[in-house]
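Biologist: I would like to go through this model and ask what stands behind the labels attached to it. Please set each value against its cut-off.

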Amino acid sequence: MTTLIESEEHKSLRAAVSAFAQTHPHTLNPEDGKRLWQDAAKLGYIGVNLPEAHGGGGAGITELALVLEELGAAGNPLLMMIVSPAICGTVISRFGTEEQQRDWLPSLADGTRLMAFGITEPDAGSNSHRITTTARRDAATGDWILTGRKVFVSGVDIADATLIVGRTEDARTGKLKPCLFIVPRDAPGFERRPIDMELNAVERQFELTLDDVRLPADALVGDEDAGLLQLFAGLNPERVMTAAFGIGMGRYALSRALEYARERTVWKTPIGAHQAIAHPLAQAHIDLELARLMMQKAAHLYDAGDDIGAGEAANMAKYAAGEACVKAVDQAVHTLGGNGLTREYGLARLITASRVARIAPVSREMILNYVSHQTLGLPKSY
């Protein structure tokens with residue numbers, strides 16, 4: 001029942017975040033984005049999912065997703081919430097050493113530091129088994145030496161470090177296994193190059209090059225032999241948060257369309273009275289609500305410690321939210337007609353942005369593959 005009926009505490013949090021988000025101007029100015037992040041952190045929103053012992057709110061991904069959804073619904077989504085507290089904060093709080101937790105979690109929670117996340121590579125794409133970024137030990141010093149490339153890494157320019165997915169060689173089998181490393185932004189050999197995106201967003205995308213980046217032994221997060229488990233501990237929250245991002249964006253677009261449909265009068269009648277306008281908007285609302293239910297289920301399962309159940313639900317939630325977001329934005333623009341393409345109404349930029357919810361961090365086709373294999377038990381074609 002907890003996934004169906006929102007608690008009074010959650011309703012109050014939702015109302016508070018919504019009111020807060022409305023007080024900040026909707027803008028693509030990086031300084032405004034930074035101010036929004038800092039102000040949200042001061043109110044405890046950014047670190048709501050991180051442990052109380054390290055300055056967080058002691059709640060879970062359920063609450064963090066709620067925060068991101070409401071920020072997005074007000075037109076002020078914070079993409080780095082998916083990365084810094086949800087992926088990196090979760091992985092460090094679950095698997096990091098006590099020293100890593102003391103060093104990073106308080107500053108991630110209070111917004112004074114951010115962490116990016118690098119997993120995608122030019123030649124790997126959706127196949128994480130083809131990741132070629134490698135980490136090897138320096139036998140003389142015990143240091144790690146990382147070499148490789150990453151692409152489509154968000155916010156590296158504003159992040160103090162990047163959690164990099166690399167691969168180390170298993171001494172027993174000789175096979176490569178995934179491991180996670182904290183790479184400071186000023187580490188020698190760690191270079192970034194902005195990717196020229198046709199996407200209007202505060203957060204920029206980067207290609208990273210790691211050229212024999214030397215890291216101390218304690219840069220490794222968690223157990224070297226449990227990398228895959230630790231990796232998915234961060235990827236499931238990422239999918240939940242991406243769903244929240246998409247739902248919030250869809251709700252924002254829908255709200256602008258509804259406002260317009262109520263006021264725009266043609267032939268002496270508001271256009272919202274016409275079923276050709278009203279029904280598609282109603283359908284967009286239904287799809288967003290259904291996606292939210294699956295997102296809440298996934299978040300509750302994750303917070304309850306059911307990683308397997310959460311993995312299935314998180315993928316479904318991300319798929320449903322991506323589809324609902326794109327349809328809501330498309331219908332909102334269509335409702336406004338030519339006005340939907342003007343800067344005044346701020347919807348045209350969402351045509352591109354909404355596709356992110358379909359594409360990243362995993363494509364809808366790969367989610368369908370996952371459900372086909374893992375849920376339905378169908379054989380693989382690859």
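**Labels and their cut-offs**

Modeller: To begin, Glu 69 and Arg 14 join their side chains in a salt bridge, with 3.3 Å from N to O. This is a predicted model, in which local features need pLDDT of at least 70 and side-chain atom pairs count only at pLDDT 80 or more, while totals for chains, interfaces and linings use all residues. Residues are numbered from 1 along each chain as its sequence is written, and side-chain values use heavy atoms, with hydrogens and water left out.

Biologist: Why is the contact of Glu 69 and Arg 14 called a salt bridge?

Modeller: The term asks for a side-chain nitrogen of Lys or Arg within 4 Å of a carboxyl oxygen of Asp or Glu. The N to O distance here is 3.3 Å, so the pair qualifies. The pair ties together parts that are 55 residues apart in sequence, because Glu 69 lies in helix α3 (residues 61–73) and Arg 14 in helix α1 (residues 8–22). Helices (H or I, at least four residues) and strands (E, at least two) are DSSP runs, numbered from the N terminus.

Biologist: What makes Glu 69 count as buried?

Modeller: Buried means under 20% relative accessible area, exposed means over 50%, and partly exposed lies in between (1.4 Å probe, protein chains only). Glu 69 has 0% relative accessibility, so the residue is buried. Arg 14, at 12%, is therefore buried too.

Biologist: Which residues are linked with Arg 14 in a network of salt bridges?

Modeller: The network links Glu 6, Arg 14, Glu 69, Glu 70, Arg 251, Glu 289 and Arg 292. One of these, Glu 70, lies in helix α3 and is called buried because its relative accessible area is 3%. Leaving aside residues up to four places away in sequence, Glu 70 touches Arg 14, Val 17, Ser 18, Ala 21 and Arg 251; contact means heavy atoms within 4.5 Å.

Biologist: How many salt bridges does a search of the whole structure find?

Modeller: The search finds 24. Another one joins Arg 358 to Glu 323, whose closest N and O atoms are 3.0 Å apart. Arg 358 lies in helix α9 (residues 348–359) and Glu 323 in helix α8 (residues 307–336), so this pair ties together parts that are 35 residues apart in sequence. Glu 323 is buried because its relative accessible area is 12%. Glu 238 and Arg 239 also meet in a salt bridge, at 3.9 Å from N to O, and both residues are buried.

Biologist: Why is the pair of Tyr 260 and Tyr 345 called edge-to-face?

Modeller: A search of the whole structure finds three aromatic pairs. In the one formed by Tyr 260 and Tyr 345, the distance is 5.7 Å centre to centre, with 85° between the planes. Rings of Phe, Tyr and Trp (its six-membered ring) pair if their centres lie within 6.5 Å; planes under 30 degrees apart count as stacked, over 60 as edge-to-face and the rest as tilted. Tyr 260 lies in helix α6 and Tyr 345 in the loop between α8 and α9, so the pair ties together parts that are 85 residues apart in sequence. Both tyrosines, Tyr 260 and Tyr 345, are buried.

Biologist: What is noted about the phi of Lys 268?

Modeller: Phi of Lys 268 is near 65°, a positive value in a residue other than glycine. Phe 152 has a positive phi as well, near 55°; this residue lies in strand β3 (residues 144–154) and, at 46% relative accessibility, counts as partly exposed. Most residues other than glycine have a negative phi, and most peptide bonds are trans. The bond from Ala 360 to Pro 361 is cis, with omega near -5°.
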